[in-house]
Amino acid sequence: MSKNRRDILRLASGGWAASLLALLSPKARASGRGHDDIDKSVPSRLDTMPMPLDREHLSDPGLARRIKEISNVFEVGRPEPDYAYVEDLGDGRGYTVTQYGFCTYNSEVTQVIERYAAKHPSTPLKRFLPELPPQKWTDQELDDFPHVWRREIRSSPLLGEACDKEADFLYFDPAVESAAAVGVTSPVGIAIFYDTLLQHGAATDPDSLPSILKRTLEKYGDVGDTSEPQFLRAFLKVRRSVLENASNHETRQVWRQSARRVDALLGLLDANPNLVPPITVANADVTATIL
């Protein structure tokens, strides 16, 4: 049976559930009350950040989709996105929405709705904006939100597109920039950076992507000191150590259950670094094929 993020979150109970979610899900990276601002910078030995890579100019126009689908396997147990997913996980952060883990506690869902409303001004989702940040942080009246969200997802592909654009802004584009900053350009390298940012975030805590990258550079050197595959193996080694021994003691046990996603990424690094389909994503918890 696959153990995805939702399965792990359902294991959480008591006072440490919110701390668990803050580490495991993307919503901890969005700016909002109780959250760090998004930190798109990554410590490196470079004096300047290179220009971001344009996904449209990657070697394969479907590469961005396949990279996201790899993380979807870890997040929701399958390659396909789950835009209709809406659930109150009981973590004090309102509703969790889509495979990206947007939540109504902060501004992510607001930004998605505003993106969508720009192309679909009559959307009934607009009536929830006064109940969402930055207008309202607590005591939100969102009882009908799941029904309206799912109905809109079924009726218009534009809402899913708005989710993708927001996720690109928060996760994919910064991951590509961070990889390029240290000379990582391979498809599997970008996938590793994206998955790490999606799970660990880009804040200042010791378990974040910037901290993992800094530790890798200090201990093993950069791509120029070794090679890209060796650098990525070292990066994943540090990431595994974080997952197995997270700085947050309250979440450490549950984080260890997600360390096997590193096994799947190592498998891709060794067997299919160019992410040529069909891509087999496999570890002890899940096996999936991406076309």
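Helix 7 and helix 11 are roughly antiparallel to each other, a label for angles over 145 degrees. This is a predicted model, in which local features need pLDDT of at least 70, side-chain atom pairs count only at pLDDT 80 or more, and totals for chains, interfaces and linings use all residues. Residues are numbered from 1 along each chain as its sequence is written, and side-chain values use heavy atoms, without hydrogens or water.

The axes of the two helices come within 10 Å and cross at roughly 165°. Axes are lines fitted to C-alpha atoms over the stretch in contact, with angles from 0 to 180 degrees between N-to-C directions. Helices are DSSP runs (H or I, at least four residues), numbered from the N terminus. The crossing of helix 7 past helix 11 is right-handed, with the near helix turned clockwise from the far one by less than a right angle.

Contact means heavy atoms within 4.5 Å.

| Helix | Residues | Residues in the contact |
|---|---|---|
| Helix 7 | 187-200 | Val188, Ile192, Asp195, Gln199 |
| Helix 11 | 260-271 | Arg261, Leu265, Leu268, Leu269 |

By class, this contact of helix 7 with helix 11 has five nonpolar, one polar and two charged residues. Asp, Glu, Lys and Arg count as charged; Ala, Val, Leu, Ile, Met, Phe, Trp, Tyr, Cys and Pro as nonpolar; the others, Gly among them, as polar.

Now the pocket lining. Helix 3 (63-76) and helix 6 (157-181) each supply at least two residues of the lining of the largest pocket. Helix 3 gives the largest share, five residues. By class, the lining has four nonpolar, two polar and seven charged residues.

Terms used: Parallel < 35°, antiparallel > 145°, perpendicular 65-115°, else oblique.
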